[in-house]
Amino acid sequence: MTPANSGNSLTVTDNRTGKTYEVPVENGAFKTMDFRQIKESDDDFGLLGYDPGFLNTASCKSNITFIDGDRGILRYRGYPIEQLAEHSTFLETAYLLIKGELPDQERLSQWTFNIRHHTMTHSNLVKFMDGFRYDAHPMGILVGTVGALSTFYPDAKDIGNIDSRKLQIRRLIGKIPTLAAMSFRHSMGFPYVQPDNDLSFAGNFLSMMFRMTELRYTPNPVLERALDVLFILHADHEQNCSTNAVRAVGSSGVDPYTAVAAGCAALYGPKHGGANEAVIRMLMEIGSVDKVPEFIQSVKAGSGRLMGFGHRVYKNYDPRAKIIKKIAFEVFEETGRSPLLDIALELERIALEDDYFISRKLYPNVDFYSGLIYQAMGFPMDMFPVLFAIGRIPGWLSQWSEHVKDGDQKIARPRQIYLGEAERDWVAVDSRPRNRVEEQLHDTCRL
Ligand code: CMC
């Protein structure tokens with residue numbers, strides 16, 4: 001029996017043994033390690049928590065991002081996402097996430113200078129980039145080249161050194177847009193464009209993406225601001241799949257380039273960074289507004305999902321989706337209205353009135369309108385997860401930094417529940433019976 005503050009604890013009775021235990025509760029959580037003492041017998045390992053996908057397991061304490069999914073609230077360091085999207089810039093928001101406070105003017109200018117002076121890449125990276133096949137997916141290129149940065153900056157291994165951490169953070173925020181744009185230009189066969197440090201963060205990225213023969217690229221201010229806000233909206237989302245990957249890989253003590261490459265790899269997956277592309281494909285498949293009711297019926301009948309709807313955490317309108325919807329109209333004022341927008345609006349209208357979606361608390365998420373905006377700006381669909389990665393960099397880095405400094409953290413190493421064979425003796429190859437289970441598996445694969 002563990003002594004605990006009885007007012008803030010659980011009393012747990014193990015019905016297998018009749019024993020009772022007291023387990024402390026702190027910050028609305030108990031430590032699963034406190035359950036290890038609960039055993040059926042002395043040689044029992046102790047009780048484990050089983051939670052695939054971490055549906056109800058906190059892996060860290062964090063001061064960075066707050067989400068209340070039921071009320072549709074998202075805050076970075078306490079500031080509501082709506083206020084940041086309205087008044088802040090991406091670089092200022094990155095400062096906030098990483099340092100914990102909004103900067104004063106002097107600090108903001110210094111921070112902006114520091115990031116801008118890390119936008120160029122080592123020229124050997126060009127050779128690296130050129131090694132990819134002409135049709136390589138830009139996200140695959142990003143995963144590879146971000147990982148390769150660790151070989152250019154061996155000083156990054158010194159993760160216990162705050163000055164080194166600061167330097168790598170500036171380098172990563174500065175260089176990711178350059179690598180991202182290079183990956184696009186490589187896939188198009190266009191020459192690479194050097195950074196223009198007189199432009200804003202988003203403006204410089206647009207220049208590196210789209211500048212052709214003009215001597216200087218002048219970004220459209222509406223599109224430049226829209227992209228900056230989209231980066232703000234993607235900047236952090238607490239312990240999502242890619243952030244968890246950054247923390248888990250970082251927990252081995254590896255340098256931040258390698259940890260962030262793991263984050264990019266996680267973001268490459270269609271369930272994470274690829275949903276906005278799936279929305280565009282869905283809208284193109286529907287084809288016209290009059291087909292929307294039929295499509296909704298097919299979703300309700302179970303033949304697929306309404307992409308860009310639903311969220312593991314938000315059981316209300318995703319606050320980012322509201323802001324993005326407004327931006328979509330501003331962008332279409334400049335670029336001309338996409339016919340897919342009308343299909344999206346009709347889908348949303350019908351779904352929000354339909355009991356299937358209402359009863360399951362399915363609302364538009366961040367991906368429902370973002371792909372339409374990216375498409376209108378001229379980004380190919382392959383670039384959508386890359387854009388997500390540019391926005392998410394400060395989140396990954398602030399979470400990585402917090403992890404490195406957190407004395408509670410250990411190398412990420414979950415337990416498993418072993419359900420395989422018990423011990424058995426090795427059998428000589430001639431004496432092995434044909435394994436029936438394996439035969440069945442092969443048959444299934446052939447079908
Ligand atoms: N369309 C139709 N039905 C849905 C949808 C949807 N988009 N999402 C969930 N459902 C239904 C699902 O069929 C289930 O119904 P039932 O109870 O009858 O079986 C119920 O709602 C609960 O679904 P779930 O799969 O248990 O919910 P989840 O929390 O595991 O899934 C999700 C969350 C985002 C994976 C899911 O809503 C989904 O697949 N959405 C479409 C893909 C998408 O837009 N993904 C982007 C998410 S936002 C990215 C980010 O924040 O980084």
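Buried means under 20% relative accessible area, exposed means over 50%, and partly exposed lies in between. Keep these cut-offs at hand for the exercises. The model is predicted.

**Exercise 1. Classify R77, then N27, by accessibility, and place each in the chain.**

*Solution.* 
Step 1. Take R77. Its relative accessible area is 22%. Buried needs under 20%, and exposed needs over 50%. R77 is therefore partly exposed.
Step 2. Locate R77. This residue lies in the loop between β4 and β5.
Step 3. Take N27. Its relative accessible area is 66%, so N27 is exposed. N27 sits in the loop between β2 and β3.
Step 4. Check the backbone. Most residues other than glycine have a negative phi. R77 has a positive phi near 50° and is not a glycine. N27 is not a glycine either, and its phi is positive, about 55°.

**Exercise 2. Describe the pairing of β1 with β2 and the hairpin they form.**

*Solution.* 
Step 1. Find the strands. β1 covers residues 9–14 and β2 covers residues 19–24.
Step 2. Pick out a facing pair. D14 stands opposite K19 in β2.
Step 3. Look at the turn. Four residues lie between the strands of this hairpin, and G18 has a positive phi near 80°.

**Exercise 3. Work out the strand order of the open three-stranded sheet and name its edge strands.**

*Solution.* 
Step 1. Start with β3 and β4. They run antiparallel and are joined by four bridges.
Step 2. Look at their connection. β3 and β4 make a hairpin with four residues between them. In the turn, G72 has a positive phi of about 70°.
Step 3. Move on to β4 and β5. β4 spans residues 73–76 and pairs with β5 in the antiparallel sense over two bridges. Here R75 has P80 in β5 as its bridge partner.
Step 4. The order is β3-β4-β5, and the pairing is antiparallel.
Step 5. Name the edges. β3 (65–68) and β5 (79–80) each pair on one side only, and they are the edge strands.

**Exercise 4. Which residues of helix α12 are buried, and how are they arranged around its axis?**

*Solution.* 
Step 1. Find the helix. α12 covers residues 292–300.
Step 2. List its buried residues. They are V292, F295, I296 and V299.
Step 3. Consider their directions. They cover an arc of only 100° around the axis, so they lie on the same side of α12.
Step 4. Ask what covers them. The cover includes α11 (275–286), α14 (339–353) and α15 (355–359).
Step 5. Follow the chain past the helix. G302 comes after α12, with a positive phi near 95°.

**Exercise 5. How many residues surround the ligand, and which are the closest?**

*Solution.* 
Step 1. Give the count. 19 residues surround the ligand.
Step 2. Name the closest. They are R305, L306, G308, F309 and H311.
Step 3. Look at the backbone atoms. A backbone N or O atom of L306 lies 2.7 Å from a nitrogen atom of the ligand. For F309, a backbone N or O atom lies 2.9 Å from a ligand nitrogen atom.
Step 4. Look at a side chain. An N or O atom in the side chain of H311 is 2.9 Å from an oxygen atom of the ligand.

**Exercise 6. Which domains divide the chain, and what separates the centres of domain 1 and domain 3?**

*Solution.* 
Step 1. List the domains. They are domain 1 (6–49), domain 2 (77–274 + 392–405) and domain 3 (286–375).
Step 2. Taken over C-alpha atoms, the centres of domain 1 and domain 3 are 45 Å apart.

Methods:
Residues are numbered from 1 along each chain as its sequence is written. Side-chain values use heavy atoms; hydrogens and water are left out. Two strands pair if DSSP finds at least two bridges between them. Domain bounds come from an automatic or database domain assignment. Buried means under 20% relative accessible area, exposed over 50%, partly exposed in between (1.4 Å probe, protein chains only). The arc is that of the directions from the helix axis to the C-beta atoms. Contact means heavy atoms within 4.5 Å. A residue is near a molecule or strand if one of its heavy atoms lies within 4 Å of it. A polar contact is a pair of N or O atoms within 3.5 Å; within protein, one must be able to donate a hydrogen and the other to accept it, and residues adjacent in sequence count only if both atoms are side-chain atoms.
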